[in-house]
Amino acid sequence: MVIAVVGAALTIAYLFGIFQKRGDIKAEDICRNVPNRPEVAKVFSSALPEASRYDFEQTWRPDADWGFRSRCGIRDENDNALFYLDAKAGPDKSWQEWIKTHIPRNSGGKFDYFNVGLKGIYNSKFAAIWVPCYAHEKTSKSRYNMTVFADALKPLDASDKEAREILKDLATDFARQAHKDAKCDLPSKLPN
């Protein structure tokens, strides 16, 4: 009887993932378009929601014009999207208009602003930066800027304050790299 109860308890625990080991994230797993991959691997290893495996998906279009796109998405073993970093070019507009048209609403609480690029906005699930890029984009000859996102699609394993700092730091570092990769000709207004 005792053996049957213990066996049933162990089976239930296994089915609910009690014995699931957190997947390893190594620097070489991180998308190549993400800067400082060893440090990012440490951040993701501690802050991403627990999963037995993490899969990284990279999108890379290094066109030095409106078509530039740099993205790194992370999924768990069940193909659930957990997080992404994304940078893409778009027509210039005021930062207020940029927030209205590019910033999705989410459940991460009140948005705060930070002075980086033209404007930065963040909460505990999301950070975005509006970065100057092209004075005269090749096709349109218009000024173009770049939107950079760090988006936690599932809550990070961190306090609200820690999550906000992680997202701001990841977005800022990714923006700096994307600005360089896109061969932007305007100063980024990003910290060194």
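A nonpolar core is a set of buried Ala, Val, Leu, Ile, Met, Phe, Trp, Tyr and Cys residues joined through side-chain atoms within 4.5 Å; buried means under 20% relative accessible area with a 1.4 Å probe, protein chains only. The model is predicted: local features need pLDDT of at least 70, side-chain atom pairs count only at pLDDT 80 or more, and totals for chains, interfaces and linings use all residues. Residues are numbered from 1 along each chain as its sequence is written, and side-chain values use heavy atoms, without hydrogens and water.

The largest nonpolar core has 45 residues. Phe44, Phe56, Phe83, Met146 and Leu156 have the most contacts inside it. At least two residues each come from α2 (37-47), β1, β2, β3 (81-91), β6 (126-134), β7 (144-152) and α4 (160-181). Helices (H or I, at least four residues) and strands (E, at least two) are DSSP runs, numbered from the N terminus. The largest share, eight residues, is from α4. Another core, of 10 residues, lies apart from this one and includes Ile99 and Trp130.

Leu156 touches Ala47, Leu48, Phe83, Ala163, Ile166 and Leu167, residues up to four places away in sequence not being counted. Contact here means heavy atoms within 4.5 Å.

Seven strands form an open antiparallel sheet, ordered β1-β2-β3-β7-β6-β5-β4. Two strands pair if DSSP finds at least two bridges between them. The edges are β1 (54-61) and β4 (112-114); each has a single partner strand, so one side of each lacks a neighbour in the sheet. Eight bridges join β1 to the antiparallel β2 (residues 69-76). In this pair, Gln58 stands opposite Cys72.

Notes: Buried means under 20% relative accessible area, exposed over 50%, partly exposed in between (1.4 Å probe, protein chains only).
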